[in-house]
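Student: I would like to learn how to read strands, cores and helices in a structure. Could we work through a case?

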Amino acid sequence: MSIRIGDTAPNFQADTSIGKIDFYEFLGDSWGVLFSHPADYTPVCTTELGRTAALKDEFEKRNVKVLALSVDTVESHKGWIGDINETQNTNVEFPIIADPNKKVANLYDMIHPNASETLTVRSLFVISPDKKVKLMIVYPASTGRNFNEVIRVIDSLQLTANYSVATPADWEDGQDVIVSGAIKTEDIPAKFPKGHKIIKPYLRTTPQPNK
């Protein structure tokens, strides 16, 4: 199946490096990041999981739970985690899903046959507390992900979920944002009392409202 932004993220049960989980129960009321890896004991994946573990505090303060997935077994995952912790100077505590039958990989369309018929590409899904898919990023196996970008887009998603704004190109937390086109210009001062700029009638900016 193909998953698109706005779809309900499919639930699943799986064995992981921390035991059996139900995906929805694991997420609870949190945001979620589900991301796949082509295989255990591979160099790029080792750096990615290490980087994710190092960002633990950043994910936690955004109420985000992280799950990784590889088509290898729990035993393989546990051995690999030792290597990740050693080489990346970190401590992997989030679960790595074991998916040897590719059930979850197929559920989330993580296998792209023209890239590899057996290994997942680097798919990443951001899932909101209401279990909707809010963002997808897909990298080839040869390219490691930019986890600063993952944090940045989570900041944008959480901001725009609560305020009638959008974030411009290269936006980072703390910078000005764009007022939604659905808001009339005369109504902006009441909704955004920090002030606003009218660059064009369709391009109005305001300081980030939750700062």
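Tutor: Start with strand β3: Trp 31, Val 33, Phe 35 and His 37 point one way, Gly 32, Leu 34 and Ser 36 point the other way, and all are buried. The model is predicted, so local features need pLDDT of at least 70 and side-chain atom pairs count only at pLDDT 80 or more, while totals for chains, interfaces and linings use all residues. Residues are numbered from 1 along each chain as its sequence is written, and side-chain values use heavy atoms, with hydrogens and water left out.

Student: What do "strand" and "buried" mean here?

Tutor: Strands (E, at least two residues) and helices (H or I, at least four) are DSSP runs, numbered from the N terminus. Buried means under 20% relative accessible area, exposed over 50%, and partly exposed in between, with a 1.4 Å probe and protein chains only.

Student: Why do residues point two ways from a strand?

Tutor: In a regular strand the side chains alternate between the two faces of the sheet. In this case seven of the seven residues of β3 are buried, so β3 is largely enclosed by the rest of the structure.

Student: Which strands pair with β3, and in what sense?

Tutor: Two strands pair if DSSP finds at least two bridges between them. β3 pairs with β4 in the parallel sense over seven bridges, and with β6 in the antiparallel sense over four bridges. Val 33 has Val 66 of β4 as its bridge partner, and Phe 35 stands opposite Leu 124 in β6.

Student: How should I read a nonpolar core?

Tutor: In soluble globular proteins, nonpolar side chains tend to be buried together. A nonpolar core is a set of buried Ala, Val, Leu, Ile, Met, Phe, Trp, Tyr and Cys residues joined through side-chain atoms within 4.5 Å. The largest one here has 28 residues, and those touching the most other members include Val 33, Phe 35 and Leu 124. Its largest share, six residues, comes from α6.

Student: How many residues does α6 have, and how far does α6 reach?

Tutor: The expected span of a helix is 1.5 Å times one less than its number of residues. Helix α6 (residues 147-162) has 16 residues and reaches 23 Å from its first C-alpha to its last, close to the 22 Å expected.
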